[in-house]
Amino acid sequence: VEVRPGGTVILHDPQKPLQPGRAFRCSFAFNSSDASSADFASQSDVFDAVGADMIGHVTEGFNCALIAYGQTGTGKTHTVHGDWNSQEQRGLLPRLAQGLFDHLHGLFEQGCSWRVGISYLEVYNNRLQDLFAGAGSGYAAGSESSSSSSSPPKREQGTLKVRLLPAGVFVDNLQEIT
């Protein structure tokens with residue numbers, strides 16, 4: 001795999017080294033495979049390119065979605081979560097949460113009020129899983145009400161079904177924490 005500036009990714013087949021690679025143009029493409037590389041993208045670089053604008057859009061009233069798609073082992077979890085305990089290695093999700101609530105705090109100090117709702121959906125092998133199932137509106141990671149594991153408790157959930165409505169995409173029975 002070769003990542004070039006401007007969002008071009010070239011895939012080379014190691015079984016056919018004489019064949020030219022297949023080039024793909026992406027909105028964003030980051031090289032985080034070698035920290036000593038001149039074009040290495042840190043977690044902060046990824047957030048600056050992708051996440052910072054999301055905070056602005058959300059606080060202007062738009063719904064936003066963070067979607068990580070790709071083959072197993074390509075770094076989706078690292079990019080989204082990272083290491084929540086390391087300022088440098090935090091992924092998009094903790095950076096988005098911090099940035100959003102920092103921005104909202106500034107608006108609150110100006111007299112504005114706001115409501116935040118979040119859902120957490122996994123699509124794997126064409127199956128939907130509500131990752132907040134059982135969390136309820138009072139769930140907080142690490143709180144006494146949560147279990148000793150790092151995951152929210154599971155609840156019996158209805159079947160999750162994706163629906164396309166005139167207002168957009170909707171998932172029936174998906175938990176929203178506010």
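Begin with the cysteines: a search of the whole structure, which is a predicted model, finds 0 disulfides. A disulfide is a covalent bond between the sulfur atoms of two cysteines. Select Cys64, which counts as partly exposed because its relative accessibility is 35%. Then select Cys112, which is also partly exposed, with a relative accessible area of 36%.

Next, select the whole chain and colour by secondary structure. How many helices and strands does the chain have? There are 3 helices and 7 strands. Followed from the N terminus, the elements run β-β-β-α-α-α-β-β-β-β. The chain has 178 residues, and 19% of them count as buried. Among the contacts with a separation of 6 or more, 35% join residues 24 or more positions apart.

Now colour the chain by pLDDT. The mean for the chain is 84, and 86% of its residues reach 70 or more. Which helix has the highest confidence in the chain? Select helix H3, residues 92-109, where the mean is 94. Strand S1, residues 2-4, is where confidence is lowest by that comparison, at a mean of 85. Then select residues 137-156, where the pLDDT is below 50. Beyond near neighbours in sequence, this stretch has 24 contacts in the model.

The next stop is a pocket. Select Phe30, Tyr69, Thr74, Lys76 and Thr79: of the 34 residues lining the second largest pocket, these lie nearest its centre. The space in this pocket is about 1400 Å³. Which elements each supply at least two residues of its lining? They are strand S2 (8-11), helix H1 (43-59) and helix H2 (76-80). Select H2 and show its side chains: H2 gives the most to the lining of the second largest pocket, with 4 residues. Now colour the lining by residue class. It has 19 nonpolar, 13 polar and 2 charged residues.

The last stops are two asparagines. Select Asn125, in the loop between strand S4 (121-124) and strand S5 (127-130). Its phi is near 50 degrees, a positive value in a residue other than glycine. Is Asn125 buried or exposed? Asn125 counts as exposed because its relative accessible area is 58%, and the cut-off for exposed is over 50%.

Finish at Asn173, in the segment after strand S7 (168-172). Phi of Asn173 is near 70 degrees, again a positive value in a residue other than glycine. With a relative accessible area of 42%, Asn173 is partly exposed.

How values were computed. Residues are numbered from 1 along each chain as its sequence is written. This is a predicted model: local features need pLDDT of at least 70, side-chain atom pairs count only at pLDDT 80 or more; totals for chains, interfaces and linings use all residues. Side-chain values use heavy atoms; hydrogens and water are left out. On a 1 Å grid over the protein atoms alone, a cavity is a set of points where a 1.4 Å probe fits but cannot get out, and a pocket is an open set with protein on both sides within 12 Å along at least five of seven lines; lining residues have an atom within 4 Å of a point. Grid points are joined across faces, edges and corners, and a volume is the space filled by probe spheres set on the points. Ala, Val, Leu, Ile, Met, Phe, Trp, Tyr, Cys and Pro count as nonpolar, Asp, Glu, Lys and Arg as charged, and the others, Gly among them, as polar. A disulfide is a pair of cysteine sulfur atoms within 2.5 Å. Buried means under 20% relative accessible area, exposed over 50%, partly exposed in between (1.4 Å probe, protein chains only). pLDDT is the predictor's confidence in each residue, from 0 to 100. Contact means heavy atoms within 4.5 Å.
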